[in-house]
Amino acid sequence: MAPLLASRVFFKETDPTDLANVQWTYLGIAAFVILLAIVFYFAPIPEVTDADMALQAEQCSGLTGYTEKPLRRQYKLFFGVAAQFCYVGAQVGVAAQFIKYSVESAGISDAAGSDRYAIGQGLFAIGRFAAAGLMMVMKPRWVLLIFMTGVMIFIALSMGVKGEGGVAMLSLVLFFESCVFPTIFTLSIRGLGRHTKRGSSWIVAAVSGGALFPSLTGLVADHKGYHISMCVPLIGFAVAFAFPVYLNTVCAKELDGFRESKIGYHDEEGLAVGDIKYEERRASLVHEEKGMSPAEKEVSY
């Protein structure tokens, strides 16, 4: 909706460089964010401690092969931060130049280019739901690899295809971008144990790549045109593409183990799987099934 509002409402009868029509919108958004921060500050949200996350990771070690490691040896996290930095930068680079690319490629107006961008954003939303559906039957590491492969194919095609076809190729890039950010995030922090919070903050900080790639893309566009400028996002996507390749070759057992684990789930009696009370109750049921007496149970312990 944002591209349509920008072209049809805010900038309909003004200079596109004039922000007078949207300054109150930005002010309203800023006020809402401040209010939301205040609400979260005072809200009694329960906090999961580092010890809780370390315990859950240890309880899954039979399936995942988890071993406690210092932060400096969390190589999957470091790769994930680099992948997220380059991916977000490339994504924002494509988004920032999409309208100008459409104008150059299809010879249309800025308003028409904004309409094409709205279609691309719609495909992005559809891709989110499509990826969510796929993750119900496929492993997330596979879905990430499939979608990043689609991104690589269509960003490369967008550099060579002209006209509306080129716009269509770039729109399909947006479709395959849809699930990449959240999937990189979750797979990067899986299995970090007590380092989960710090690792999460690093992944969030990696969105700073969005401040670098758009300017580089624009710089190339000024000298070589918008089609050639897509080589900058292509480089960023290539780094991000290497991450799911790494996950599917090096970290497959670990990730699949956490996916299969039931730690933290609740059984039909309301007890949390992995909790001490749960283990005691399960042991008690095993002894009852074997017909052991309370005295025999004490001896078995």
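Val33 is found in helix H2, which spans residues 23-42; residues are numbered from 1 along each chain as its sequence is written. The model is predicted, so local features need pLDDT of at least 70 and side-chain atom pairs count only at pLDDT 80 or more, while totals for chains, interfaces and linings use all residues, and side-chain values use heavy atoms, with hydrogens and water left out.

With a relative accessibility of 48%, Val33 counts as partly exposed, a class that lies between buried (under 20% relative accessible area) and exposed (over 50%), judged with a 1.4 Å probe and protein chains only. Val33 also belongs to a nonpolar patch on the surface, together with Tyr26, Ile29, Phe32, Leu36, Phe40 and Ile45. The accessible area of this patch is about 740 Å². Patches are made of residues with over 30% relative accessible area and no salt bridge, and they join nonpolar side chains (Val, Leu, Ile, Met, Phe, Trp, Tyr) within 5 Å or like charges within 9 Å. A salt bridge here is a side-chain nitrogen of Lys or Arg within 4 Å of a carboxyl oxygen of Asp or Glu.

The chain as a whole contains 16 helices and zero strands. Helices (H or I, at least four residues) and strands (E, at least two) are DSSP runs, numbered from the N terminus. Of its 301 residues, 39% count as buried. The accessible surface comes to about 16700 Å², and carbon and sulfur atoms account for 66% of this; areas come from the Shrake-Rupley method with a 1.4 Å probe, and for residues only the protein chains shown count as cover. Among contacts (heavy atoms within 4.5 Å) between residues at least 6 apart in sequence, 74% join residues at least 24 apart.

Aromatic rings provide a further theme. Rings of Phe, Tyr and Trp (its six-membered ring) pair if their centres lie within 6.5 Å; planes under 30 degrees apart count as stacked, over 60 as edge-to-face and the rest as tilted. The count comes to eleven aromatic pairs. Phe79 and Tyr246 form a tilted pair, because their ring centres are 5.2 Å apart and their planes stand at 55 degrees. This pair links distant parts of the chain, with Phe79 in helix H5 (residues 75-106) and Tyr246 in helix H13 (residues 231-249), 167 residues apart. Phe175 and Phe176, by contrast, are edge-to-face, at 5.0 Å centre to centre and 90 degrees between the planes.
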